[in-house]
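Open the structure in your viewer and keep the selection tool to hand. The stops below tell you what to pick and what is there.

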2 protein chains.
Amino acid sequence: MNSLPTETQSDLLTITQRNQIKILPHKAKYERQEIYQILDEGLVCHVGFVVDSQPFVIPTAYGRIDECLYIHGSPASRMLRNLKQGIEVCITVTLLDGLVLARSAFRHSMNFRSVVIFGTATVVEDEAEKLAALKAFTEHVVSGRWDEVRSPNRQELAGTLVLSLPITEASAKVRTGPPIDYEEDYALSVWAGELPLRLTTTTPIPDPRLSPEIKLPVNVQNYTRNSAKSV
Amino acid sequence: MNSLPTETQSDLLTITQRNQIKILPHKAKYERQEIYQILDEGLVCHVGFVVDSQPFVIPTAYGRIDECLYIHGSPASRMLRNLKQGIEVCITVTLLDGLVLARSAFRHSMNFRSVVIFGTATVVEDEAEKLAALKAFTEHVVSGRWDEVRSPNRQELAGTLVLSLPITEASAKVRTGPPIDYEEDYALSVWAGELPLRLTTTTPIPDPRLSPEIKLPVNVQNYTRNSAKSV
């Protein structure tokens with residue numbers, strides 16, 4: 001627990017048996033702001049759940065509003081049909097920041113930021129909260145997009161199952177910086193360092209049926225994933 | 001099953017209750033080559049396992065040799081300590097290829113390629129296979145790196161737990177192409193299309209203790225993730 005900073009207690013999540021990071025605890029983070037920033041920068045989460053003792057890990061989009069993480073999909077989805085029963089879920093978001101190239105094979109690593117959330121999801125029944133969650137999904141993908149597109153109609157709203165998971169029992173794990181080689185390996189004639197990785201965009205591909213007079217919006221043209229929204 | 005192509009049976013994985021994709025089956029792929037290419041391009045997998053009914057989803061590096069996926073880590077790791085008992089595991093690799101921007105909020109999507117593997121992992125005890133797996137981890141991160149760095153010594157080999165999972169019960173899911181809007185929405189004055197995403201590198205950061213005469217190797221300088229090795 002030495003690695004915990006000295007913020008006020010309210011900024012830190014409670015550490016439990018499930019979310020406590022035991023291996024390499026100096027990489028562990030329990031600050032709410034740090035967890036939110038990782039969640040806001042990521043695009044895909046991996047949802048883990050158990051059916052008849054069998055684990056499933058399914059990638060899906062998500063959105064966040066305050067201390068709720070939202071996922072959604074078709075009411076026919078195996079994942080959502082199971083999760084809405086209130087079974088235990090583990091949702092993980094991982095951002096890959098770089099390859100860590102050491103002088104020995106053994107000391108190779110990756111720089112990353114990840115968040116793991118434990119809990120049980122509940123169905124969002126309230127129509128206002130459901131619409132807010134749908135807005136959060138769209139805005140999470142492209143900021144400003146919600147006001148540019150057609151809003152969900154009553155039928156679409158009814159045809160979407162939205163689940164909410166509280167971000168209370170969670171932790172982040174972060175590795176940054178150069179490789180840590182064994183002292184005797186620093187003398188080796190091997191290039192060592194970090195190769196940073198970034199999720200970048202290439203030229204947008206207009207829909208084949210797009211009218212030529214419709215211009216590319218600025219938020220798509222200047223898209224970047226590294227400007228996490230304020231939390 | 002209509003979506004299955006007409007290759008010879010040996011190129012297709014067996015479809016079971018676990019790996020059959022039921023929602024949007026036209027996105028499902030069971031071809032070995034397609035699954036291998038996704039695994040070879042990815043860098044991080046998400047490992048799902050269950051302890052006392054609680055699912056865990058942990059990101060980790062991996063390597064592949066033929067039809068085996070390997071993961072590794074400290075013998076003290078909670079994940080590896082549990083997996084080596086032979087419990088059920090689900091390993092998922094997801095590549096994000098683009099944002100799919102539709103004319104309605106409801107039809108927004110992502111282009112992606114993912115692989116889900118089910119099975120039970122076994123400890124690699126054989127020293128030659130273990131060394132081959134460690135080589136696969138290093139080569140998976142940077143092709144050609146293994147021959148440039150110090151190989152694992154006996155102590156490092158003993159201090160690494162390597163697990164092997166057969167890629168037999170697996171499936172891939174792939175979405176490509178433009179948004180699919182409702183017919184009446186094509187008349188809307190909304191930019192629609194795909195914003196492609198790529199994992200790219202920025203300038204390598206030399207280790208602070210790197211001797212200035214050691215040059216950046218070509219495989220790091222010209223690094224790209226999109227040239228999957230031949231399978």
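Start in chain B. Select β4, β5, β9 and β8: these four strands form an open sheet in the order β4-β5-β9-β8, with antiparallel pairing. Helices (H or I, at least four residues) and strands (E, at least two) are DSSP runs, numbered from the N terminus. Two strands pair if DSSP finds at least two bridges between them. The edges are β4 (63–65) and β8 (122–123) of chain B, each pairing on one side only.

Zoom in on β4(B). Three bridges join it to β5 (residues 68–73) of chain B, and the two run antiparallel. Pick B:G63 and its bridge partner in β5(B), B:Y70.

This is a predicted model, in which local features need pLDDT of at least 70, side-chain atom pairs count only at pLDDT 80 or more, and totals for chains, interfaces and linings use all residues. Residues are numbered from 1 along each chain as its sequence is written, chains are lettered from A and ligands numbered from 1 in the order in which they are written, and side-chain values use heavy atoms, leaving out hydrogens and water.

Now show both chains. 86 residues of chain A are in contact (heavy atoms within 4.5 Å) with 86 residues of chain B. The area buried between them is about 7,300 Å², with 67% from carbon and sulfur atoms. Buried area here is the accessible area (1.4 Å probe) that two parts lose on being put together, summed over both.

How many salt bridges are there between chain A and chain B? The count is six, each a side-chain nitrogen of Lys or Arg within 4 Å of a carboxyl oxygen of Asp or Glu. For one of them, select B:R103 and A:D207: their side chains meet at 3.4 Å, N to O.

Colour the side of chain A that touches chain B. Among the elements that each supply at least two residues to it are β2 (44–51), α3 (127–141) and β12 (205–206). β11(A) gives the most, with nine residues.

Next, β12(A). Two bridges join it to β11 (residues 193–201) of chain B, and the strands run antiparallel. Select A:I205, which stands opposite B:E194 in β11(B).

Finish at A:H108, in the loop between β6 and β7 of chain A. Is A:H108 buried or exposed? A:H108 counts as buried because its relative accessibility is 19%, and buried means under 20% (exposed is over 50%, partly exposed in between; 1.4 Å probe, protein chains only). Leaving aside neighbours within four places in sequence, A:H108 has contacts including A:V100, B:R145 and B:V149.
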